[in-house]
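Visitor: I am new to this structure and would like to know what the words used for it rest on. Could you show it to me?
Guide: Gladly, here it is.

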Amino acid sequence: DLIKLSNAFLFKKDSVASLKTKRERPVDEEEFSYSKLSALLLSNIKNNFKYSKGENLPDSIDDLFEPIIEQFKLTEERTLLQKHYDNNIKDCICEMFINIKDDDMFKSLNDDILNLIREENYVTRLMALKMILYLFENVKERYLTLVGDVVPYVADTLEDSNELVQKEAVETIQYIEKITGEKYSNYLE
């Protein structure tokens, strides 16, 4: 619920909320902000998966993953989302993928990431491709089991209307070729 609450306000122009007081206080770094809340929540989730190895969390994975995935859709400002992704989202999601034991859940979470590639917002598509590449680099062999699901989605973005998305798709396909030893050049033509 806290993640959903922070999502509602995370990238709004005025995402700093003051604590309820009788008089207005100037906004400073000690003030509460939804970006700080979101960062703390994602760090907490990451650490829960890292140290419990996902064993104590199977019932809550869906509840956790949905609002995390929603964070990819919260803004059209690339620099804001890129910073949030780099500092908070990518390591949290990666730790979830590393420590999820159930193969069906693993595939389901991957499907949620892949569906982001179909979003209208190019920033969402770009960050989803970055996430996929990051998962290939860090989850390694286990993520390779999903290469057949991933490649068609990535290939769809090779002709994206945004150059940054196209470039990220080419880099991802080239990385997949490098680690699998298989050629996907027909997608690059």
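Guide: Let us begin with a definition: helices (H or I, at least four residues) and strands (E, at least two) are DSSP runs, numbered from the N terminus. Read along the sequence, the pattern is α-β-β-α-α-α-α-α-α-α-α-α, with ten helices and two strands. This is a predicted model, where local features need pLDDT of at least 70, side-chain atom pairs count only at pLDDT 80 or more, and totals for chains, interfaces and linings use all residues. Residues are numbered from 1 along each chain as its sequence is written, and side-chain values use heavy atoms, with hydrogens and water left out.

Visitor: What makes α1 and α3 roughly parallel to each other?
Guide: Axes are lines fitted to C-alpha atoms, for helices over the stretch in contact, and angles run from 0 to 180 degrees between N-to-C directions. Angles under 35 degrees count as roughly parallel, over 145 as roughly antiparallel, 65 to 115 as roughly perpendicular and the rest as oblique. The axes of α1 (residues 2–9) and α3 (residues 61–70) cross at roughly 10 degrees and come within 9 Å. The two helices are therefore roughly parallel.

Visitor: Which residues make the contact of α1 with α3?
Guide: Contact means heavy atoms within 4.5 Å. From α1 come Ile-3, Lys-4 and Asn-7, and from α3 come Leu-64, Pro-67, Ile-68 and Glu-70. They divide into four nonpolar, one polar and two charged residues; here Ala, Val, Leu, Ile, Met, Phe, Trp, Tyr, Cys and Pro count as nonpolar, Asp, Glu, Lys and Arg as charged, and the others, Gly among them, as polar.

Visitor: Why is α5 called roughly parallel to α8?
Guide: Helix α5 (residues 103–115) and helix α8 (residues 147–156) pack at an angle of about 5 degrees, with axes 10 Å apart. That angle makes α5 roughly parallel to α8. Lys-107, Asn-110, Leu-114 and Asn-115 of α5 meet Asp-149, Val-150 and Tyr-153 of α8. By class, this contact has three nonpolar, two polar and two charged residues.

Visitor: Why is Leu-146 called buried?
Guide: Buried means under 20% relative accessible area, exposed over 50%, and partly exposed in between (1.4 Å probe, protein chains only). Leu-146 has 6%, so Leu-146 is buried. Leu-146 is found in the loop between α7 and α8. Not counting residues up to four places away in sequence, Leu-146 touches Phe-106, Lys-107 and Asn-110.

Visitor: Buried or exposed: what is Asn-88, and how do you know?
Guide: Asn-88 has a relative accessible area of 16%, so Asn-88 is buried. Asn-88 has its place in helix α4 and touches Ala-39 and Leu-42, again not counting residues up to four places away in sequence. Of the 189 residues of the protein, 45% count as buried.

Visitor: Why does Arg-78 count as partly exposed?
Guide: The relative accessibility of Arg-78 is 34%, so Arg-78 counts as partly exposed. Arg-78 lies in helix α4 (residues 78–99). Leaving aside neighbours within four places in sequence, Arg-78 is in contact with Tyr-122, Val-123, Leu-126 and Leu-164.

Visitor: And what makes Leu-164 partly exposed?
Guide: Leu-164 has a relative accessible area of 36%, so Leu-164 is partly exposed. This residue is found in helix α9 (residues 163–180). Leu-164 and Leu-126 are 38 residues apart in sequence and 7.1 Å apart in space, C-alpha to C-alpha.

Visitor: Where is Lys-140 found, and what is its phi?
Guide: Lys-140 is found in the loop between α6 (122–139) and α7 (141–144). Its phi is near 60 degrees, a positive value in a residue other than glycine. Most residues other than glycine have a negative phi. With 42% relative accessibility, Lys-140 counts as partly exposed.

Visitor: Which element gives the most to the lining of the second largest pocket?
Guide: A pocket is an open set of points on a 1 Å grid over the protein atoms alone where a 1.4 Å probe fits, with protein on both sides within 12 Å along at least five of seven lines; lining residues have an atom within 4 Å of a point. Helix α3 gives the most to this lining, with four residues. By class, the lining has six nonpolar, one polar and four charged residues.
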